[in-house]
Amino acid sequence: MRRVNGLATVGRALTCGGAVEKRLAQAALMSTCSFSSLNSHIFSQKLADRLGLSRPSLVRRVAGTMFVSVAASSLAQDALAKEKPRSEKFLPKEVVLYQYEACPFCNKVKAFLDYCNIPYKIVEVNPISKKEIKWSDYKKVPILKVDGEQMVDSSDIIDKLFHRINPDSSIPDGEEKKWLEWVDNHLVHVLSPNIYRSTSEALESFDYITTHGNFSFTERLVAKYAGAAAMYFVSKKLKKKHNITDERVALYEAAETWVDALKGRHYLAGGSKPNLADLAVFGVLRPIRYLTSGKDMVEHTRIGEWYGRMENAVGESARIKE
């Protein structure tokens with residue numbers, strides 16, 4: 001309502017006002033100033049002096065219109081990025097994700113579900129016993145059940161869901177396909193050596209087990225310390241397997257490689273919305289963002305701005321909390 005009234009004020013000044021009002025309205029419409037860092041009274045007086053006017057109160061009124069218009073424009077851009085592409089052709093009754101909270105592949109699937117606004121339930125899998133997925137022949141996560149149908153492998157899950165939501169869309173190719181493959185074949189392999197780089201960082205990453213999942217106290221304790229110890233040693237093997245000399249350098253280089261791929265665009269494909277590659281990169285980075293490794297990555301690379309933009313685009317979680 002405030003924005004409508006403000007625009008109406010400008011409109012009336014342009015169509016019905018005198019010379020003073022018209023000059024102010026034109027100044028408001030032509031201005032590209034942001035008022036977030038200006039004192040409105042000082043600005044109003046300066047603008048009145050510059051225009052040779054003796055009515056700063058009128059200037060303040062138009063200045064308010066300018067601020068609201070700028071803010072509304074920014075909000076409109078955010079709303080466009082957050083627009084949910086959910087299809088009426090895909091309305092599952094129940095979606096259940098079996099996951100580890102800290103798993104990059106699981107978070108890749110969650111980023112897609114959240115962005116597409118597909119409600120889903122979470123079953124946290126005990127990383128040691130895996131009792132929650134004993135019913136399945138597939139013993140890895142993520143596992144997604146859609147109305148009873150089992151889907152496995154994060155890339156295959158997203159591919160199937162994407163084509164059910166967009167049945168007329170073609171398979172991603174070109175630049176998008178290239179970077180989707182880069183996520184699976186390179187980026188994810190850089191993450192584990194960083195997440196579990198030291199015993200303290202390994203324990204940090206397994207802290208989630210104390211707050212997620214329907215585990216007993218003993219199960220939590222065993223999963224946290226046994227899991228952290230196991231992943232610490234696994235990460236060293238992965239580091240050697242993928243020829244990583246310095247974990248952090250490899251992480252920073254991967255982040256910079258992605259930023260370079262954007263070529264100054266908000267998202268990989270340009271435009272106002274992320275594509276599947278944006279969602280995949282964001283998804284696998286999301287579990288580390290607020291760990292030591294993720295904080296270091298944002299501090300020492302240029303990826304923070306894009307990451308923040310993706311947080312806004314993906315929006316709130318579509319998870320159904322029980």
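**Salt bridges, a helix and a surface patch**

User: Is E305 buried or exposed?
Analyst: The relative accessibility of E305 is 62%. Buried means under 20% relative accessible area, exposed over 50% and partly exposed in between, with a 1.4 Å probe and protein chains only as cover. E305 therefore counts as exposed.

User: What kind of model is this?
Analyst: Residues are numbered from 1 along each chain as its sequence is written, and side-chain values use heavy atoms, with hydrogens and water left out. Local features need pLDDT of at least 70, side-chain atom pairs count only at pLDDT 80 or more, and totals for chains, interfaces and linings use all residues; the model is predicted.

User: How many residues apart in sequence are the parts tied together by K131 and E219?
Analyst: The side chains of K131 and E219 meet in a salt bridge of 2.9 Å, N to O. K131 lies in the loop between β2 (121-124) and β3, and E219 in helix α9, so the pair ties together parts separated in sequence by 88 residues.

User: Which residues are linked in a network with D296?
Analyst: D296 forms a salt bridge with R248, their closest N and O atoms being 3.0 Å apart. This pair links helix α12 (residues 292-300) with helix α10 (residues 247-262), and both residues are buried. The network of salt bridges links D296 with R197, E201 and R248.

User: What arc do the buried residues of α6 cover?
Analyst: The buried residues of α6 are S154, I157, I158, L161, F162 and I165. The arc is that of the directions from the helix axis to the C-beta atoms. These residues lie on the same side of α6, because their arc is only 125°.

User: Which residues make the nonpolar surface patch of about 360 Å²?
Analyst: One member, Y225, is found in helix α9 (residues 217-241) and counts as partly exposed at 45% relative accessibility. The patch is made by F217, L221 and Y225.

Methods. Patch = residues over 30% accessible without salt bridge, like charges linked within 9 Å, V, L, I, M, F, W, Y side chains within 5 Å. Areas by Shrake-Rupley, 256 points an atom, 1.4 Å probe, with all protein chains shown as cover. Salt bridge = Lys/Arg side-chain N within 4 Å of Asp/Glu carboxyl O. Helix = DSSP H or I, 4+ residues; strand = E, 2+ residues; numbered from the N terminus.
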